[in-house]
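Reader: I am new to this structure. Could you take me through it in short steps?

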Amino acid sequence: MPLRVESLFGLIGRKTIYVLDNLHEVSSLINDVFYWTLISPLKGKQIRFRAVITEIVRTGYNAVPIVAIIGFFVGVILALQAAYQLRKFGALIYVADLVGVSITRELGPIITAIIVAGRSGSAFAAEIGSMKAAEEIDALDTMGINPVRFLVVPKLIALMLMQPALTAFFDLIGMLGGFLLAISLLELYPYSYYVETLNALSVKDLLTGLVKAWAFGVVITLVGAYHGFKVKAGAEEVGMRTTASVVSSIFLVIFFDFFFTTLFYYFL
Amino acid sequence: MDAAIEVSGLTAYYGSREVLKGLTFGIPRLMTTVVVGGSGCGKTTLLKHLIGLLKPAKGTINVKCGCTSDKCGKDITMMDDAALIEFKKKMGVLFQGAALLNSLSLADNVALPLREHTQLKQPIIDIIVRMKLDLVGLTGFGDYYPAQLSGGMKKRAGIARAMAMDPELLFFDEPSAGLDPVTAAGLDELIISLHKTFKLTLVVVTHELASIFTIADYVIMLDAGNIIFIGTIEELKASPNPKVLAFLQRKAEEEPYRPEDYFKIISGS
């Protein structure tokens, strides 16, 4: 019996150490990232602007087509689903309210975050992971170049800017999709749809959506970087970590969405 | 002996396994020191400690740059980040796989430390990059990407990058690993000519017998985390130590593990 008890305690101990180690790694990464993003530029160590621009093009500009297409379809689908119910009450014009509010408050930020997590979060993890496996991270370190400053900070700044921008773009295209469906299939007057949308939306709706998007951008970058740096060696591990980064960043995006929505519900 | 690096009591663990067992030695200035030993004896771990990638469990690593300033002769295991970056600017490392950044061209790879650590203008950086690439025999390859090069060329480019900041210390991790004998010999020639041309302290980690006898001035031989030989190349040839002889004559050890070694491994002591 003592052996089994021992192995039980051993198991608890190993799991605890594992969790604590991970917590330590996550917190030191967050600490490093924010030190190199916010504090070191004040000390005269400049951010690599050129790399920021490259990342903006990669994560933002190149994602425009896919965000536009998905946004358009989500808008159309929402309008159709709303019409299916509202038609029964002869309240078709409220399609405009439903599409506008649900996209700006919720669907815009979350679907854009899922697209970006799949496109860019995975790319961050794969890029950093394969650099780790090929000793490139060690090489940067021995050249006196901090890998977090060199690799993560430009990505973080790019996503902090591009996540809200892509979300705003998604909102716009989504509402346009709803609008086009409403004026064609639902035969609503374009002008009254437009006015109804404007009446339904408040600045608050837009802003809460964009604040969420900003937070999602930070989460996606950090998760991608964390999984990238966790790679020790080998192509197989790069693949595993890339998958893990997408899964955990989508999970964390939904979790933070819940958190922010609750916060905004009670305090705004 | 004037030591560029003085190591004392260096102990390192992987998990609970002791891979370096209290090593104490000096690396002589302006000489080529070769660290040799069989696979898994801890030589790469030792190198990672010397270049500051790993922190030892115990022991000190004092690096002296030959000047008299008070920043000098400090323990790199105790340095703060800023001092460590200053130290790293004065050294260059060639990794086993060259570790060039695959997303940058050769010229950008070599220019990277210059761009990060100096305020030099682009035309001057261009000139320095061309000089460094000439130095390693890669004239005109500046616009190539690492994926377009052979293994030997990658290593040469890695040397060019390591030399970019005109370091005082140059570390090589298995320079001839994965290369054919002719290319490996060419790389050894390059190491010798660099050593002759510049005031450099070189540390080479290798297990290639041929390389040891062509490039080494000073040899440190490791076995299972202990130093079994330390001295000049002439002393190495005359060493009566059976383990040294076995290594030099490329004899397989009779028993891969002696019973007591095996017991140590399985009991984790």
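**Interfaces and a sheet**

Reader: This is a predicted model. How many residue pairs are in polar contact across the interface of chain A and chain B?

Author: The pairs counted across the interface of chain A and chain B have both residues at pLDDT 80 or more. On that basis, the number of residue pairs in polar contact is four.

Reader: Which element gives the largest share of the side of chain A that touches chain B?

Author: Two elements give two or more residues to that side of chain A: helix H6 (147-184) and helix H5 (136-142). The largest share is six residues, and they come from H5(A).

Reader: How do the residues on that side of chain A divide into nonpolar, polar and charged?

Author: Chain A brings 16 residues to the contact, and chain B brings 19. On the side of chain A, two residues are polar. The rest of the division is seven charged and seven nonpolar.

Reader: What area is buried between chain A and chain B?

Author: Carbon and sulfur atoms give 60% of the buried area. In chain A, the residues that lose the most area to chain B are A:Glu135, A:Thr142 and A:Met143, together 39% of what that side buries. The area buried between the two chains is about 1500 Å².

Reader: Which residue of chain B meets A:Asp141 in a salt bridge?

Author: The interface of chain A and chain B holds three salt bridges. A salt bridge needs the nitrogen within 4 Å of the carboxyl oxygen. For A:Asp141 the N to O distance is 2.6 Å, and the partner is B:Lys88.

Reader: Now chain A by itself. How far apart are the centres of domain 1 and domain 2 of chain A?

Author: Chain A is divided into domain 1 (1-46) and domain 2 (48-267). Their contact takes twelve residues from domain 1 and 15 residues from domain 2. Taken over C-alpha atoms, the centres are separated by 28 Å.

Reader: Which residue forms a salt bridge with A:Glu25?

Author: Across the interface of domain 1 and domain 2 of chain A there is one salt bridge. The closest N and O atoms of the A:Glu25 pair are 3.2 Å apart. The partner of A:Glu25 is A:Lys230.

Reader: Turn to chain B. Which strands are at the edges of its open sheet of four strands?

Author: The order in the sheet is S2-S1-S4-S5, with antiparallel pairing. An edge strand pairs on one side only. In chain B the edge strands are S2 (17-28) and S5 (74-75).

Reader: Which residue in S2(B) stands opposite B:Val7?

Author: Strand S1 (residues 3-14) of chain B is joined to S2(B) by eight bridges. The two strands form a hairpin with two residues between them, and B:Gly15 in the turn has a positive phi of about 65 degrees. Opposite B:Val7 stands B:Phe25.

Reader: What is the bridge partner of B:Glu6 in S4(B)?

Author: S1(B) and strand S4 (residues 58-63) of chain B run antiparallel, joined by five bridges. In S4(B), the partner of B:Glu6 is B:Asn62.

Key: Residues numbered from 1 in each chain as written. Chains lettered and ligands numbered in written order. Predicted model: local features only at pLDDT ≥ 70, side-chain atom pairs only at ≥ 80, totals over all residues. Heavy atoms only, no water. Domains from an automatic or database assignment. Contact = heavy atoms within 4.5 Å. Salt bridge = Lys/Arg side-chain N within 4 Å of Asp/Glu carboxyl O. Buried area = accessible area lost by both parts, 1.4 Å probe. Polar contact = N/O pair within 3.5 Å; in protein donor to acceptor, adjacent residues only side chain to side chain. Nonpolar A, V, L, I, M, F, W, Y, C, P; charged D, E, K, R; others polar. Pairing = 2+ DSSP bridges.
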